[in-house]
Amino acid sequence: MPNLHLFSSPGRDDIRYIIEASRPYLEDKPEATVAYIPLASLYAERWQADTEDAFRKLARLETINAETMSLTVMEDIIRRAALVYIPGGNTFLLNHRLHVSRLMLFLRKKVLAGLPVVAFSAGATLCGPNILTSKDMNTVETSHFEGLNVSPFNFSPHYPLDAYGQSVKDDWLSDYHFFHDNPVIMLSDDAHVKMDGKKTTLVRGEAWILRKGEDKENLWKVN
């Protein structure tokens, strides 16, 4: 069953939210590794050292590079991992690289079998049936729009907290529901949504669920 920890943002000027969510799966495991999949970015190397430092006391990062690694090598990294960390960037680029490298099917298989995923922004959007609720530019000209499909929900990160911003985003998302029936979870920048199998809970922050033809509803924090 999927075990997802999804965020809009990784933390306040750091990735503290990511580390907090990852800790239970890594502590007390001296040989733990994290499958780090920064494929949404063209400049992932800029954050490599900082990300390694953030995880240093918990686990060793094994970074997946879809441009230079074989499918066998990438699958081996995921097979060894205690969890998968997928950061933000351009959702279309992330999805394109996973499909073209043929890693998507194996990653989905492992996540459905229970491999924990901690992800933010583009990484969170990826987890839905498709990535069509992303507002990124499709600069890569991908024709691959099916997401990781480990959740029945689509995701819309960076949901505004002000009334005007929400009304604009709600109108925009209503266009998605003209063509698709599945509900959308909208995450504010401080939100942490946890999905454990079929159970979805709001751990922190604010988030909403929008169902086709209905008014949005708040997701509520777990007690």
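This is a predicted model: local features need pLDDT of at least 70, side-chain atom pairs count only at pLDDT 80 or more; totals for chains, interfaces and linings use all residues.
The structure holds 10 salt bridges, among them one between the side chains of D14 and R16, with a distance of 2.9 Å from N to O. D14 has a relative accessible area of 31% and is partly exposed, and R16, at 37% relative accessibility, also counts as partly exposed. A further salt bridge is formed by R60 and E62, whose closest N and O atoms are 3.5 Å apart. Salt bridges with shared partners join R60 and E62 to R80, giving one network of these residues.

Helix α2 has the buried residues Q48, T51 and F55. When the helix is seen down its axis, these residues fall within an arc of 85°, so they line one face of α2. On the other side of the helix, R46 and D50 are exposed. The buried residues of α2 pack against helix α1 and against the strands β2 (33–36), β3 (60–63) and β4 (83–86).

Both α1 and α2 also contribute to the largest pocket of the model, which has a volume of about 480 Å³. The lining of this pocket comprises 26 residues, and those that lie nearest its centre are Y36, W47, P87, G88 and F120. The elements that give two or more residues to this lining are α1 (16–26) and α2 (45–55), and of these α2 gives the most, with four residues. By class, the lining of the largest pocket divides into 16 nonpolar, six polar and four charged residues.

The second largest pocket has a volume of about 160 Å³ and is lined by 14 residues, of which P38, S41, A44, N65 and R97 lie nearest its centre. Its lining is made up of seven nonpolar, four polar and three charged residues. R97, one of the residues nearest the centre of this pocket, lies in helix α4, which comprises residues 91–100. At 14% relative accessibility, R97 counts as buried, because its value falls under the 20% limit for that class. When neighbours within four places in sequence are left aside, R97 is in contact with L39, S41, L42, A66 and E67. Of these contacts, S41 is itself listed with R97 among the residues nearest the centre of the second largest pocket.

Definitions and conventions:
Residues are numbered from 1 along each chain as its sequence is written. Side-chain values use heavy atoms; hydrogens and water are left out. On a 1 Å grid over the protein atoms alone, a cavity is a set of points where a 1.4 Å probe fits but cannot get out, and a pocket is an open set with protein on both sides within 12 Å along at least five of seven lines; lining residues have an atom within 4 Å of a point. Grid points are joined across faces, edges and corners, and a volume is the space filled by probe spheres set on the points. Ala, Val, Leu, Ile, Met, Phe, Trp, Tyr, Cys and Pro count as nonpolar, Asp, Glu, Lys and Arg as charged, and the others, Gly among them, as polar. A salt bridge is a side-chain nitrogen of Lys or Arg within 4 Å of a carboxyl oxygen of Asp or Glu. Buried means under 20% relative accessible area, exposed over 50%, partly exposed in between (1.4 Å probe, protein chains only). The arc is that of the directions from the helix axis to the C-beta atoms. Contact means heavy atoms within 4.5 Å.
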